[in-house]
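Please read the points below with the sequence and the 3D view open.

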Amino acid sequence: MGDIGEALFISTLNNERASCCVQDLRTGTDLMRYKGGGTMQPHSLQMLEDHFVIAANSTKPLLHVWPINGQEQMTSIRYVVPGKVNALALTPDSAYLVAAIQETIYVWHLNSGRLLNTLSKHYQPINCIRFTDNGEHFVTGGKDGAVLVWSLTRAVAPFGGGDSEENAPLYNFNDHGLAVTDVHIGLGGIRAFMYTVSMDRCCKIYDLSDGTMLLSVVFPVSLHSVIVDKLETSVYVGTSEGQVLVFHMDKVPRMKEYHLEEEESQAFVGHTAGTAITCLALSVNAQQLISGGEDKQVCIWDVVSRQLVKSISQPGAITNLYLRLISTSRFHPGPKEQKSFADNLKRMISPDDDDDCIELLITEEYPKAPKFLEPNYDNSYDGSAGNSVSLSDDYEDVAMSEPEEESSDVDAEMPEAAASALQAELAELRAENARLKLDAKRLKDVNIKDQILSPVQSGKPPKKNKKPRFFVYNQ
């Protein structure tokens with residue numbers, strides 16, 4: 001097994017040599033070049049199931065997929081989408097793909113290729129999509145200045161039409177005055193902090209737990225990219241003037257809007273002046289900052305001293321930077337990895353199939369599972385405090401004998417017809433209670449396993465139900 005290292009995925013606007021190249025961050029050696037995918041769209045390069053690379057074409061309505069250890073695309077997979085993709089993102093488990101085509105969001109289930117939903121709440125094209133670290137929510141930022149926070153659960157299982165309240169975003173932030181260029185989400189799921197940058201020179205920080213804006217930092221120039229360390233103490237932003245500026249969260253004054261003057265900001269200077277810094281990445285230990293811009297340079301910086309460690313020339317302007325901690329042996333030629341995603345993506349929302357079901361095979365018992373005693377149906381509660389009714393093992397007759405007279409005083413006070421009616425009703429209730437007790441006792445001897453396995457073993461389809469069904473059985 002190869003050494004674990006930090007692999008840097010780089011894509012540029014010039015695809016003559018490759019659509020994407022992978023380099024070792026420490027040594028600078030080439031690990032892999034992915035060819036044949038044209039120019040990659042910004043904010044579209046992702047890892048798929050740790051064994052594949054997926055990206056969107058910047059000129060065609062196509063998504064390209066490569067095996068991580070192969071230069072050529074997978075010929076069996078052709079993802080044709082309804083239009084040119086502006087940005088895409090995958091859930092951490094690679095189960096769902098969210099792509100933006102103009103101002104519309106498309107949500108696909110990758111294992112089946114089904115299009116689950118389309119969401120249209122932006123008014124101009126979407127620039128970036130980001131997922132929370134647990135994959136339960138995702139964020140979209142568009143040219144209309146809006147930042148929308150969506151629940152993935154509602155997106156994949158809509159309860160109403162596209163314009164219904166159930167399909168509305170969880171939060172709708174419209175604090176930016178110009179196009180949103182990048183979004184970063186910290187750790188913590190829906191309780192994390194979110195950082196957004198825009199052409200309006202502002203970096204805004206939101207608390208996703210309650211949807212409030214905590215801080216707005218105003219810079220002297222427009223912003224194109226943002227990255228934050230794991231501790232969320234240092235925020236790095238790429239500007240349109242070829243600089244990377246940083247501000248520290250523990251040194252920001254206690255005010256909602258803070259104007260960061262040029263002499264106060266700590267700048268990483270090394271890119272060509274006047275060119276935008278479009279991509280930022282941080283090493284795993286947050287000691288190195290990687291920046292890529294329109295000047296065709298990828299610069300690696302020492303964070304503490306802000307000194308330029310290395311500059312890597314590229315054939316074109318940088319469109320994507322993606323850093324991944326991975327074993328170098330993954331890039332060696334070898335057998336093809338088994339894929340679990342579909343060969344194509346549906347372009348229309350298909351209705352639910354009643355025959356769809358999920359089978360769970362339990363191969364062993366979980367040792368830490370809680371233990372529950374088997375229910376004893378012989379002793380049943382009759383509704384009175386502290387009393388229980390026990391059934392003998394030879395109890396068979398469900399009919400009840402005539403109840404004895406419990407209160408002669410009550411019978412004497414009420415009319416004879418009313419008393420007989422109440423006694424008849426009481427007898428019927430007791431008979432029904434006894435029948436239910438017998439049914440509960442007989443259910444103890446029913447083999448639940450045979451009932452669940454019978455439709456699978458016999459080859460007959462399970463009973464149809466509009467809701468998803470789960471077949472659980474032990475091996």
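**Notes on the model**

1. E432 and R435 both sit in helix α3 (residues 416-443), three residues apart, about one turn of the helix. Helices (H or I, at least four residues) and strands (E, at least two) are DSSP runs, numbered from the N terminus. The two residues form a salt bridge, with 2.5 Å between the closest N and O atoms; the term stands for a side-chain nitrogen of Lys or Arg within 4 Å of a carboxyl oxygen of Asp or Glu. E432 is partly exposed at 35% relative accessibility, and R435 is partly exposed with a relative accessible area of 35%. Salt bridges that share partners join E432, R435 and D439 into one network. Here buried means under 20% relative accessible area, exposed over 50%, and partly exposed in between (1.4 Å probe, protein chains only).

2. A word on the basis of these notes. This is a predicted model, in which local features need pLDDT of at least 70 and side-chain atom pairs count only at pLDDT 80 or more, while totals for chains, interfaces and linings use all residues. Residues are numbered from 1 along each chain as its sequence is written, and side-chain values use heavy atoms, with hydrogens and water left out.

3. How many salt bridges does the count come to? The count comes to five. One of them pairs D182 with R130, the closest N and O atoms being 3.0 Å apart. This pair links distant parts of the chain: D182 belongs to strand β16 (residues 180-185) and R130 to strand β12 (residues 126-131), 52 residues apart. D182 counts as buried, at 5% relative accessibility, whereas R130 counts as partly exposed, at 24%.

4. R33 and D30 form another salt bridge, and their closest N and O atoms are 2.9 Å apart. R33 is partly exposed, with a relative accessible area of 24%. D30 is also partly exposed, with a value of 42%.

5. Next, the cysteines. A search of the whole structure finds zero disulfides, a disulfide being a pair of cysteine sulfur atoms within 2.5 Å. For C202, the nearest cysteine sulfur is that of C203, 8.8 Å away, and C202 is in no disulfide. C202 is buried, with a relative accessible area of 11%. C128 is buried too, with a value of 0%.

6. In the model, residues 119-152 are 3% helix and 53% strand, with end C-alpha atoms 11 Å apart. Residues 277-311 are 0% helix and 63% strand, and the end C-alpha atoms lie 14 Å apart.

7. The largest pocket has a volume of about 1,500 Å³. Of the 45 residues that line the largest pocket, H184, I227, K230, Y322 and L323 are the closest to its centre. Which strand gives the most to this lining? β29 does, with seven residues. Among the other elements that each supply at least two residues are β12 and β16, the strands that hold R130 and D182.

8. The terms of point 7 and of the next point rest on a 1 Å grid over the protein atoms alone: a cavity is a set of points where a 1.4 Å probe fits but cannot get out, a pocket is an open set with protein on both sides within 12 Å along at least five of seven lines, and lining residues have an atom within 4 Å of a point. Grid points are joined across faces, edges and corners, and a volume is the space filled by probe spheres set on the points.

9. The largest cavity has a volume of about 70 Å³, and its lining includes R33, Q314 and P315. β1 (4-12) gives the most to that lining, with three residues. The second largest cavity holds about 60 Å³ of space, and β14 (147-151) and α1 (152-156) each supply at least two residues of its lining.
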